[in-house]
Amino acid sequence: MALANPDFRAIYEHLIEYYNREEKLVIEKFVSEIPPEKSAIVTDILMAEEQYQLSDWMRQDIPVKSKNEQIDRLVSETILNFRRHLLMSKIKELQSSITELNAEVDNSEKLEEIMDYIQLRKTIEEKLNRVTS
């Protein structure tokens, strides 16, 4: 995975390294092992998350799902979004290669490949409950 922000990329790399070494994530231990400027960023993220706590809504009979209950769905959506983005990039790449080639070349294979990618993209968008364009 490539992250645009170099700080987040470094934190991500430290986190993957930590997970490969340890069986369970202990936030305090992880924060103590990374460089101080990165640990400040991680601490800020953790404190920002704690800042937004819901009131006791169960008292009003309003059930609220915790983040842990939604994590499977969110991970699946993220993976599907990455795949959709990759498919869109691949479709654009194939379309541009067709326009760059001369008219004498048979593009039927590339057009068929584009159609297959579009169908796959539509399937992913249906799973994400997105309107296809």
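## Salt bridges

R21 is partly exposed because its relative accessibility is 43%, where partly exposed lies between buried (under 20% relative accessible area) and exposed (over 50%), with a 1.4 Å probe and protein chains only. R21 forms a salt bridge with E22, their closest N and O atoms being 3.9 Å apart; a salt bridge is a side-chain nitrogen of Lys or Arg within 4 Å of a carboxyl oxygen of Asp or Glu. Both residues belong to a network of salt bridges that links E17, R21, E22, K29 and E33.

The structure is a predicted model, in which local features need pLDDT of at least 70 and side-chain atom pairs count only at pLDDT 80 or more, while totals for chains, interfaces and linings use all residues. Residues are numbered from 1 along each chain as its sequence is written, and side-chain values use heavy atoms, leaving out hydrogens and water.

## Contacts along a helix

E77 and R73 meet in a salt bridge with an N to O distance of 2.9 Å, and they are separated by about one helical turn because they stand four residues apart in helix α4; helices are DSSP runs (H or I, at least four residues), numbered from the N terminus. The side chains of E93 and K90 also meet in a salt bridge, at 3.6 Å from N to O. These two are three residues apart in α4, so about one helical turn separates them.
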